[in-house]
Amino acid sequence: MLILGAMVLGAVVGSFLGAALVRLPDGRSVLVGRSMCDTCDKELTPAELIPIVSWVIQGGKCRECGSAIDRWQLAAEVGGSAIGAIAVLLSYFPIWAMLLGWQLLLLAMLDLRHMWLPRQLSALLGATGALFALVMGYWADDVMILVQSLVGGVFGFAVLWLLGQGYQAWRGQEGLGGGDPPLLGAIGLWLGPLGVIHTLLVGSLAGLAVAAVLWRAGKHITPDTMLPLGTLLAVAAWPVFLWQGF
């Protein structure tokens, strides 16, 4: 029952994240305004807003105009539900694991779809990471937990910022997006300096795997080929948290 409840909660959160994925790039609020079809602007009824279930029943189409419902919405709901279930199954701190996972899911999707990492969301991720460290430090009566969190935040930001500056000096062009260092800094506040290293390692291996798949699919890979680093880091950071803890 606990796992089922976490899945339902995760699907509801995922529905909100799917709306944020559409609205935030357009500068629209995710807290106000009714949900509606992106094609015909029909306001959705409560029965059409049941996460995952509504998409399946409607065959992934709007009942009014028949246009396809964005598959990113379904992906956000399924992803949010999976994060809830896995957090309960594998984490010693399931509530914190869910909170981290859902934030990383939104950032990963934003970077994958729009190549955009809002610094406000990275700041929120960092703030919740610092809060987690503060709570864990108070619970364990160990101030070093908070110190490790702060060191991880500085280290995470600095390592990518310096890498980006070095690449620009070497090649005369930007090699990293401006949102990547703040994201890794926020991840460092959750995971500490060792977690930053693990996240970079796993993310780099994932990037190489993606490049290999693209190459096998016939895409020409060059040093200038853009990959969503933020997505790779976000996807890597959550399993590192589950495995490493803090």
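Helices α1 and α4 cross in a right-handed sense (the near helix is turned clockwise from the far one by less than a right angle). The model is predicted, with local features needing pLDDT of at least 70 and side-chain atom pairs pLDDT 80 or more, while totals for chains, interfaces and linings use all residues. Residues are numbered from 1 along each chain as its sequence is written, and side-chain values use heavy atoms, without hydrogens and water.

The axes of α1 (residues 2-23) and α4 (residues 94-114) come within 10 Å and cross at roughly 30 degrees. Axes are lines fitted to C-alpha atoms, for helices over the stretch in contact, with angles from 0 to 180 degrees between N-to-C directions; helices are DSSP runs (H or I, at least four residues) numbered from the N terminus. Contact means heavy atoms within 4.5 Å. Among the residues that meet are Leu9, Val13 and Leu17 of α1 and Trp102, Leu105 and Met109 of α4. The contact divides into 13 nonpolar, 2 polar and 1 charged (nonpolar: Ala, Val, Leu, Ile, Met, Phe, Trp, Tyr, Cys and Pro; charged: Asp, Glu, Lys and Arg; polar: the others, Gly among them).

The whole structure holds 6 aromatic pairs, counted for Phe, Tyr and Trp (its six-membered ring) when ring centres lie within 6.5 Å; planes under 30 degrees apart are stacked, over 60 edge-to-face, the rest tilted. Trp96 and Phe132 make a tilted pair, 5.1 Å centre to centre with 55 degrees between planes. This pair joins α4 to helix α5 (residues 119-140).

How values were computed
Helix = DSSP H or I, 4+ residues; strand = E, 2+ residues; numbered from the N terminus.
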